[in-house]
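Please prepare a brief report on the fold and the aromatic contacts of the chain shown here.

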Amino acid sequence: MKHLLKQYFGYDDFRPGQKKLIDSIMAGCDVLGIMPTGAGKSICYQIPALAMQGITIVVSPLISLMKDQVTALNQAGVHAAYINSSLTESQISMAFANAKKNTYKIIYIAPERLDTPQFYDFTATAEISLVAVDEAHCVSQWGQDFRPGYLNVAAFVARLEEKGRRPVLCAFTATATKEVKDDMVCMLGLREPDILVTGFDRENLYFAVERPKDKMKAALRYVTDRAGESGIIYCNTRNGVEDVCEMLVEHGVPAAKYHAGMSNQERMENQDDFLFDRKPVIVATNAFGMGIDKSNVRYVLHFNMPQSMENYYQEAGRAGRDGGAAQCLLLYAPKDTATNRFLLENKESKKEITEEERKEILERDLQRLKVMTFYSTTKECLRKYILNYFGETTHADCHNCGNCDADFEKHDVTELGRQIVNCVYEVRQRFGINMILGVLRGSKNAKIIRYGFDRLKTYGKLAEYAESTLRQVIDALLQEEILIQTADQYPVICLGKGYGKLKDEGFSLTIKTEVRKSEKSDDARGGAEKAGGKGALGKGALDDAGFALFEKLRQKRLALAKEERVPPYIVFSDKTLIDMCLKQPRTPEEMLEVSGVGASKLEKYGKAFLQVIKGT
């Protein structure tokens with residue numbers, strides 16, 4: 001297995017978890033691998049595919065993912081193909097004809113294609129030894145990216161089993177709650193699978209949340225501070241994408257845009273501009289990115305809060321796939337919650353469902369939104385919050401996120417909490433946050449006067465406190481479940497199951513406020529020192545001559561990529577170029593010692609890069 005890894009991919013050893021899953025597959029066991037983005041999930045099925053007799057079928061959800069993976073495999077010397085709607089019918093027929101001749105070792109296919117006559121005809125005689133399901137969470141209706149086509153996988157494997165040739169079945173995803181994990185095992189038909197969860201932590205990612213007064217200015221500062229670096233900016237709406245991209249372009253930032261309202265051709269052109277580094281920044285809705293294997297994304301900026309932690313972590317995880325330091329910044333505003341709620345309540349269902357199922361799905365979506373809102377407002381360690389959500393319990397702060405780096409001061413707000421709870425009780429648990437704040441701060445709002453709330457004991461009781469402070473206290477009460485917010489169209493604040501905590505003499509409710517506004521917060525730069533400049537990816541280990549060589553190697557890579565019509569990172573990653581600078585190989589044998597250089601790429605590109613190194 002290590003020989004294959006070195007020969008085709010240029011790596012000397014496996015990453016954590018890869019060898020265990022590979023051994024299980026080679027032993028004929030079904031497997032489920034839950035591994036963070038960038039952990040090398042594809043290697044777990046690509047190496048067995050090379051070692052086993054027959055063909056490996058990879059079920060993959062997005063055209064861009066297939067194209068990327070197949071291009072990389074062919075560059076590495078592995079014959080691979082993809083079959084999806086981007087091909088013409090004649091191209092699809094030719095691909096199947098070549099597949100019948102055993103031309104390909106690995107075939108990527110869209111899940112919907114599993115249930116077509118051409119695929120039936122191909123699989124009737126083909127020797128299929130392994131079926132790998134990528135982005136396997138798409139099979140779960142409770143997941144965020146449910147694809148009905150994934151339900152074809154179990155039926156496809158069952159058809160092969162009826163003919164006495166069931167392949168090994170393996171499934172992979174980056175994030176999954178317990179519900180989604182159980183769904184994957186059941187709906188895909190995995191048999192007593194070896195399940196490996198390598199952990200959800202991405203140590204190279206720096207997480208931060210900022211609440212700037214002007215998001216546009218904050219985003220512009222953040223991007224211009226990282227001029228030339230590759231980054232993704234996510235917006236919740238198409239209009240948001242248009243506005244942010246237009247603003248960046250007006251200020252000289254080479255940015256592309258991507259959303260579902262654009263034509264397929266325009267989306268593909270813009271995506272290629274980003275992948276080929278012609279435009280290092282792309283502004284997009286969540287329609288962009290799943291399966292994008294661009295290794296040198298140095299930051300992911302969320303202009304709006306996503307609808308769930310699953311969405312956020314998957315999107316943020318597109319930064320730093322090469323293992324180098326990268327940043328994940330979320331710009332939060334309270335109205336993000338209301339916008340997301342509106343989008344969830346009005347989203348179109350992906351399948352026919354009953355009204356009862358619709359309500360249940362909405363309730364779960366709103367619960368996920370609440371979790372995401374807590375993340376955006378907490379002053380606790382952000383990494384710990386994420387890991388705990390995915391079931392990886394940790395009590396230690398990471399000391400590598402925006403909250404851990406900030407200077408906070410704790411305040412006991414137990415008495416404020418009691419007054420807020422009393423107000424909720426006095427208004428008979430029938431109103432939302434704005435009404436409660438209005439009563440507590442003594443507002444003369446006509447609605448308050450009409451209801452007679454100006455005669456309540458709690459009216460004006462907390463008038464001296466800023467609204468932002470009281471909102472923070474309410475957030476703390478919600479997190480402690482002393483209060484709850486209903487999932488109605490107009491959410492109401494009610495007493496929660498944790499209400500009794502306030503009667504406990506040993507209980508104290510605390511909030512954190514920032515002692516001083518740091519430069520990082522002011523410029524939305526959280527962790528810039530940790531995730532940028534020459535220190536990223538280990539460039540800090542290079543002296544001036546080494547850094548100059550790195551730039552020459554980048555130019556050579558770009559020229560070769562243009563000739564081959566592939567993204568530069570498909571030729572070699574930045575990490576491989578840096579290793580070249582550190583080792584400075586002078587012979588083909590020495591070049592093979594560079595991480596990421598395999599036999600096929602040595603034959604294709606070795607001479608060109610050795611000439612650059614020798615010329616310095």
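The model is predicted, and its secondary structure comes to 26 helices and 17 strands. The radius of gyration of the chain is 27 Å, close to the 25 Å that the globule rule gives for 616 residues, so the chain is as compact as a globular protein of that length. Along the principal axes, the C-alpha trace spans about 85 × 65 × 45 Å. Of the 616 residues, 54% count as buried, and residues 24 or more positions apart account for 73% of the contacts with a separation of 6 or more. The chain exposes about 27600 Å², of which carbon and sulfur atoms supply 48%. Its charged side chains number 84 positive and 83 negative, with the centres of the two sets lying 1 Å apart.

The count of aromatic pairs comes to 19. Phe207 and Tyr312 form a tilted aromatic pair, 6.5 Å centre to centre and with 55° between the planes. Because Phe207 lies in strand β8 and Tyr312 in helix α12, this pair ties together parts that are 105 residues apart in sequence. The two residues are set out below.

Technical notes. Residues are numbered from 1 along each chain as its sequence is written. This is a predicted model: local features need pLDDT of at least 70, side-chain atom pairs count only at pLDDT 80 or more; totals for chains, interfaces and linings use all residues. Side-chain values use heavy atoms; hydrogens and water are left out. Helices (H or I, at least four residues) and strands (E, at least two) are DSSP runs, numbered from the N terminus. The radius of gyration is taken over C-alpha atoms; the globule rule is 2.2 Å times the number of residues to the power 0.38. Buried means under 20% relative accessible area, exposed over 50%, partly exposed in between (1.4 Å probe, protein chains only). Contact means heavy atoms within 4.5 Å. Accessible areas come from the Shrake-Rupley method with a 1.4 Å probe; for residues, only the protein chains shown count as cover. Lys and Arg count as positive and Asp and Glu as negative; His and the chain ends are not counted. The place of a charge is taken as NZ of Lys, CZ of Arg, CG of Asp or CD of Glu. Rings of Phe, Tyr and Trp (its six-membered ring) pair if their centres lie within 6.5 Å; planes under 30 degrees apart count as stacked, over 60 as edge-to-face and the rest as tilted.
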